[in-house]
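This report looks at how parts of one protein model pack against one another. Please keep the sequence and the structure in view while reading.

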Amino acid sequence: MSNTVKKLAVLGSTGSIGQQALDIIKDFPDKFRIVGLAGGKNTSLLAGQISQFQPKLAYSPIKFSLPDKTKFSSMEEMATHPDVDIVIIATSGKTGLAPTLAAIRSGKKIALANKEVLVMAGEIIMAEAKYHRAQILPIDSEHSAIWQCLRGEKAEVARLILTASGGPFYHYSPTQLAKVTIEEALQHPTWKMGKKVTIDSATLMNKGLELIEAHWLFSIPFKKMEIIIHPQSIIHSLVEFADGSLKAQLSTPDMRFPIQYALSYPERLANPRLPHIDLARLNSLTFETINYSMFPCLQLALNAGKKGGTYPSVLCAADEIAVELFLKQHINFPGIAEIIAHTISLHRGIAKPTLDEILAADDWARDTALKLTQKANLCLKQ
Ligand code: MG
């Protein structure tokens, strides 16, 4: 047991993962100390977090008065500050990319919850992390499960099996899917998450992004990865070894488990506030084969991941626009996949892109996805 206090910067502290990370951190004041907090538009929540944790540094897109001990900084400055040991990247979208790279280049440990960072720039991120010996600690439940299953194993992996709850519409027909409301799409059966991730879970885009992340994190080819539907979300993923043995990681579906593991690693901390599993009360754990044809977003993600280059950035950006349009009721649920597919079909990919080329592909995809929707609306009106 180490007695050193880990000093943390939390980027995206006002989001769902950020708030749950702070919830864990406040339970262990002798283990963790906050050096920096970077929030989003919810400044009153951020101000409350700042007065509670008294960080040295704060970042907010909207400025407000700070306590004497705290000063405003950029996210990059915070992520590279000499006092910081671990940077939690819980921002959403591409905003996490630059600070993650900066933190890696300063040799920090990265507790990564943001999907876009690895999906958009996995090749660059992993190469930089290797070069600077910066460890990437996954916070996503599936990747945390795989990481835990791989600990202590030297044997080659035969298969990674990512579990998926299937989301709220797993058994819907195409006609039912076309009529899905925002309220229905925001009701995830097992996990409580932010809006974007919840919609991505309903389309299974989220699982597709997770496959791309797993590909980079564990350097596993796509052909060695599978998805299985597991509606109870108790098994968070599995690893199969050459001898046919499977290792799985189980817990109640609560993001505080993978967050706490990433922060406490290599230790495990006893936390009585986390809901433990009572195996005898779990009636059953069930599994089903996934039907790709029902979830075009998953297929789109898998194809983009295999193509690589700038395609995954285009996928992420078009998805972000499409989900926003769905939440504004401008398109229906199947329209999300249609916009993404159309945008990708117009993209001329670049292999081995630089970070600037990745960001330019992202901009192009946002523009293109929006224009496609405007055109479609125009046609409807005529
Ligand atoms: Mg996940």
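How much area do domain 1 and domain 3 bury between them, and what percentage of it is on carbon and sulfur atoms? Domain 1 and domain 3 bury about 910 Å² between them, 68% of it on carbon and sulfur atoms, where buried area is the accessible area (1.4 Å probe) that two parts lose on being put together, summed over both.

## Basis of the model

This is a predicted model, in which local features need pLDDT of at least 70 and side-chain atom pairs count only at pLDDT 80 or more, while totals for chains, interfaces and linings use all residues. Residues are numbered from 1 along each chain as its sequence is written, and side-chain values use heavy atoms, with hydrogens and water left out.

## Domains and their interface

The protein is divided into domain 1 (6-138), domain 2 (141-171 + 182-253 + 275-292) and domain 3 (308-382), with bounds that come from an automatic or database domain assignment. The C-alpha centres of domain 1 and domain 3 lie 28 Å apart. Their contact (heavy atoms within 4.5 Å) takes 10 residues from domain 1 and 13 residues from domain 3.

Across this interface the rule finds 3 salt bridges, each being a side-chain nitrogen of Lys or Arg within 4 Å of a carboxyl oxygen of Asp or Glu. The side chains of Lys94 and Asp362 meet in a salt bridge, at 2.8 Å from N to O. On the side of domain 1 that touches domain 3, the elements that give two or more residues are H4 and helix H5 (115-131), and H5 gives the most, with 6 residues. Helices (H or I, at least four residues) and strands (E, at least two) are DSSP runs, numbered from the N terminus.

## Helix H4

Helix H4 (residues 97-105) is mostly covered, since 7 of its 9 residues are buried, a term that means under 20% relative accessible area with a 1.4 Å probe and protein chains only. The buried residues of H4 are Leu97, Pro99, Thr100, Leu101, Ala102, Ala103 and Ile104. Just after H4, Gly107 takes a positive phi of about 75 degrees.

## Ser233

Ser233 lies in the loop between strand S9 (225-229) and strand S10 (235-241), and Ser233 counts as buried because its relative accessibility is 5%. Leaving aside residues up to four places away in sequence, Ser233 touches Ser165, Thr190, Trp191, Ser251 and Pro253.

Technical notes
Buried means under 20% relative accessible area, exposed over 50%, partly exposed in between (1.4 Å probe, protein chains only).
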